[in-house]
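Good morning, and thank you for making time for this presentation.

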Amino acid sequence: MLDRADQQENSAQGDVRKVAFRGAGFSPKTSRTTALLSLALVIALWQLAGSLSLVNPIFLPTPLAIARATVQLALSGALWQHLAYSLLRIGPGWLLGSLCGIIVGFAIGLSTLARSVGITFISALFPIPKIALLPLLILWLGIGEEPKIATIALGVFFSTAISVYSGVDAVPRNLIRMAQSFNVPFFAIVRRVIWPGALPSILAGFRITASVALLLVVSAEMIGAEYGIGAFVLQAGNLMQTDQLLAGVVILSLFGLVVGWLINRLEARLLHWR
């Protein structure tokens with residue numbers, strides 16, 4: 001009997017079919033080597049097309065020509081002057097818009113009255129292109145840096161407010177009710193439950209608002225500024241200096257990459273618990 005039971009057990013074990021693990025999907029990862037190789041390949045093909053005169057250098061300069069133009073601008077000091085003006089506009093505008101957006105977003109997420117009033121105005125004003133308000137802001141604030149900073153702040157404010165109250169709404173209500181059941185004070189719940197739960201959405205909003213601020217500062221400088229990356233790009237385009245124009249575009253791209261890297265570091269520091 002024991003031998004027969006052992007034979008049946010071995011037979012059952014032999015009939016077991018191994019199933020491949022199927023839970024590894026939906027988790028894409030970034031390969032830095034692949035990213036660098038693909039970028040290098042595109043630049044090499046671009047340079048080759050220019051060297052073989054397949055592309056008119058007036059319409060599309062080669063990467064080497066763009067690099068030479070960037071170095072010349074840096075050595076002459078013009079690059080740093082234009083970049084400094086742009087940063088002095090982006091910094092205050094982004095900080096002001098983000099601060100007001102966080103305050104209003106939390107108010108909408110936590111207050112019935114603020115939600116009723118705030119969502120109405122945000123829904124009505126958010127679709128308006130903020131650069132279209134620049135002439136009106138010039139009339140109100142005068143000719144200077146204030147209208148440009150206000151334009152950036154307005155563009156950042158609406159996107160930040162939307163991301164903040166969306167993040168507050170996404171916090172699991174079971175966690176809030178659990179804290180309330182232990183008689184945790186309101187502001188302690190906001191600080192210890194709602195703020196950490198909404199932080200991923202807020203940081204994701206920062207990525208969007210950084211791009212919005214960059215777009216608005218370039219547009220504002222093209223309309224009414226003597227110095228700044230936007231003004232430099234417009235002037236280079238008017239003079240058909242396409243190598244300098246694309247040098248300005250490369251600088252804007254590098255600026256966006258730096259901002260993205262800083263936000264990644266901020267996420268790694270603030271969201272280490274995930």
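How are α3 and α11 oriented to each other: roughly parallel or roughly perpendicular? Before I answer, a word on the source. This is a predicted model, in which local features need pLDDT of at least 70 and side-chain atom pairs count only at pLDDT 80 or more, while totals for chains, interfaces and linings use all residues. Residues are numbered from 1 along each chain as its sequence is written, and side-chain values use heavy atoms, with hydrogens and water left out.

Now to the two helices. The names that I use for helices refer to DSSP runs (H or I, at least four residues), numbered from the N terminus. The axes of α3 and α11 come within 8 Å and cross at roughly 80°. Axes here are lines fitted to C-alpha atoms, for helices over the stretch in contact, and the angles run from 0 to 180 degrees between N-to-C directions. The two helices are therefore roughly perpendicular to each other, a word that covers angles of 65 to 115 degrees, whereas under 35 counts as roughly parallel, over 145 as roughly antiparallel and the rest as oblique.

On the α3 side, the contact is made by A65, I66, A69, T70 and L73, and on the α11 side by D243, Q244, L246, A247 and V250. Contact means heavy atoms within 4.5 Å. By class, this contact has seven nonpolar, two polar and one charged residues. In that count, Ala, Val, Leu, Ile, Met, Phe, Trp, Tyr, Cys and Pro are nonpolar, Asp, Glu, Lys and Arg are charged, and the others, Gly among them, are polar.

I turn next to the interior. In soluble globular proteins, nonpolar side chains tend to be buried together. The largest nonpolar core in this model has 20 residues, of which I152, V217 and I229 touch the most other members. Such a core is a set of buried Ala, Val, Leu, Ile, Met, Phe, Trp, Tyr and Cys residues joined through side-chain atoms within 4.5 Å. Buried means under 20% relative accessible area, exposed over 50%, and partly exposed in between, with a 1.4 Å probe and protein chains only. At least two residues of this core come from each of α3, α4, α7, α9, α10 and α11. The largest share, five residues, is supplied by α9. Apart from this core lies another, of 17 residues, including V168, I194, L203 and L271.

Leaving aside its neighbours within four places in sequence, V217 is in contact with S86, R89, I90 and I152.

Which residues of α10 are buried? They are I229, G230, A231, F232, V233 and A236, and the buried residues of this helix pack against α3, α4, α9 and α11. After α10 comes M240, whose phi is positive, near 60°. M240 is a residue other than glycine, and its place is in the loop between α10 and α11. S53 also has a positive phi, of about 60°, although it is not a glycine. S53 is found in the loop between α2 and α3 and, at 62% relative accessibility, counts as exposed.

Finally, the charged pairs. The structure holds four salt bridges, each being a side-chain nitrogen of Lys or Arg within 4 Å of a carboxyl oxygen of Asp or Glu. One of them joins R89 and E145, with the closest N and O atoms 2.5 Å apart. Because R89 lies in helix α4 and E145 in the loop between α6 and α7, the pair ties together parts that are 56 residues apart in sequence. R89 is buried at 2% relative accessibility, and E145 is partly exposed at 32%. R89, E145 and E221 are linked in a network of salt bridges.

Another salt bridge brings together the side chains of R115 and D169 (2.7 Å, N to O). R115 is in helix α5 and D169 in helix α7, so this pair ties together parts that are 54 residues apart in sequence.

In a further salt bridge, E267 meets R207, the closest N and O atoms being 3.2 Å apart. Here E267 lies in α11 and R207 in α9, so the parts tied together are 60 residues apart in sequence. E267 is buried at 19% relative accessible area, while R207 is partly exposed at 31%.

Thank you for your attention.
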